[in-house]
Amino acid sequence: MVRACGNVLKSVSVVIPTRNESRNIGWVLDRLPDFIDEVILVDGGSVDDTVEVALRHRPDIIVAHQARRGKGNALARGFELATSDLIVMIDADGSMAPAEIEAFVDALLAGADYAKGSRFTAGGGSDDITVLRRAGNRFLNGLTNALFGSDYSDLCYGYNAFSRECVAAFALPDATTPGEAVWGDGFEIETMINIRVVLAGARVVEVPSYEAERRFGESNLNTFRDGVRVLRTIFDERFGPQRAGSLRPVPQPAATQPSMLDLAPPFASMPTPEPA
Ligand SMILES: Nc1nc2c(ncn2[C@@H]2O[C@H](COP(=O)(O)OP(=O)(O)OP(=O)(O)O)[C@@H](O)[C@H]2O)c(=O)[nH]1
Ligand SMILES: [Mg+2]
């Protein structure tokens, strides 16, 4: 529990997707701040002992198994299960410092709906990003800002925190139906939710973050394939017929923009369909 101004207590859940992270997950769990109320690990068919190691390091951890493939499906499942007021998403590979969670939570307590980690804002950095990935991220980030009026500096970084009202704005596919992966189940989830919170009028604040190299093991991300998925996500969200962008107005500049929390329900501004 953390104390917000006005002495309101807020609970905090952490959602961690894992795929063969037995050598890293203990390091992450041991470093979570003491105020965390709930830790949800969503495993994607690990063939090592990720789950056993996690339970040893954090006996109260909630373990879930994802229904389909991909980091996006795992995160969506974790968000469905999270019961706290505030939710933090963090990777299990040790590249994101758990101690930074405090800064993310502080940003939410100060009034943000969505605290976006950034390696490219003052105080952030990376030991891990390649020249190619940096250039790709910069291009995709600029395109997103141009099409949606956002002010992101690091679109493709998955260390974020948000109030639970944001989960409705994410409008993610149902995570529990088994079968083939659907759109949103892959690494594109990060771009999808970054765009959808902006379209919903959420108050977005960037939090500087330092990315280390993953501690052990192999990356699951393919720079080219996943870069193309991010590009498709941006175009789909902006121009796709059934996508969020066609349902919700592009928000006005931040100063005049109400918080998403002021809109009840979050999609209050959606047009009401004409009766047949
Ligand atoms: N449950 C689940 N977790 C996944 C899946 N793919 C990746 N992950 C986890 O998602 C997190 C990020 O994956 P990484 O492979 O490190 O990808 P990345 O951090 O975007 O890329 P790098 O910078 O190359 O490490 C890690 O905690 C992975 O274990 C998946 O299909 N299912
Ligand atoms: Mg990683």
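Okay, let's start with helix H2, residues 50-57: this one lies across S3, S4 and S5, and runs at about 170 degrees to S4. Then there's helix H7, residues 189-199, which packs on the sheet and touches S6, strand S7 (114-118), S9 and S10. The direction of H7 makes about 135 degrees with that of S7. Keep in mind that this is a predicted model.

So what are those helices sitting on? Seven strands form an open sheet with mixed pairing, and the order is S5-S4-S3-S6-S9-S7-S10. At the edges you've got strand S5 (62-65) and strand S10 (204-208), each pairing on one side only. Neighbouring strands here are turned by 20 degrees against each other on average, ignoring direction. Let me zoom in on one pair: S6, residues 86-89, and S9, residues 160-163, run antiparallel and are joined by four bridges. Within that pair, Ile-87 has Phe-162 in S9 as its bridge partner.

Now, the ligand. Which residues come nearest to ligand 1? Of the 21 around it, those are Glu-21, Gln-66, Ala-92, Ser-219 and Asn-220. The shell splits into six nonpolar, six polar and nine charged residues.

On to the polar distances. A side-chain N or O atom of Gln-66 is 2.6 Å from a nitrogen of ligand 1. Asp-93 has a side-chain N or O atom 2.8 Å from a ligand oxygen, and for Ser-219 a polar side-chain atom lies 2.6 Å from an oxygen of the ligand. On its own, ligand 1 has 630 Å² of accessible area, and the protein covers 92% of that. And the elements giving two or more residues to the shell are strand S3 (12-18), strand S4 (38-43) and helix H3 (71-81).

Notes. Residues are numbered from 1 along each chain as its sequence is written. Chains are lettered from A and ligands numbered from 1 in the order in which they are written. This is a predicted model: local features need pLDDT of at least 70, side-chain atom pairs count only at pLDDT 80 or more; totals for chains, interfaces and linings use all residues. Side-chain values use heavy atoms; hydrogens and water are left out. A residue is near a molecule or strand if one of its heavy atoms lies within 4 Å of it. A polar contact is a pair of N or O atoms within 3.5 Å; within protein, one must be able to donate a hydrogen and the other to accept it, and residues adjacent in sequence count only if both atoms are side-chain atoms. Accessible areas come from the Shrake-Rupley method with a 1.4 Å probe; for residues, only the protein chains shown count as cover. Ala, Val, Leu, Ile, Met, Phe, Trp, Tyr, Cys and Pro count as nonpolar, Asp, Glu, Lys and Arg as charged, and the others, Gly among them, as polar. Two strands pair if DSSP finds at least two bridges between them. Axes are lines fitted to C-alpha atoms, for helices over the stretch in contact, and angles run from 0 to 180 degrees between N-to-C directions. Contact means heavy atoms within 4.5 Å.
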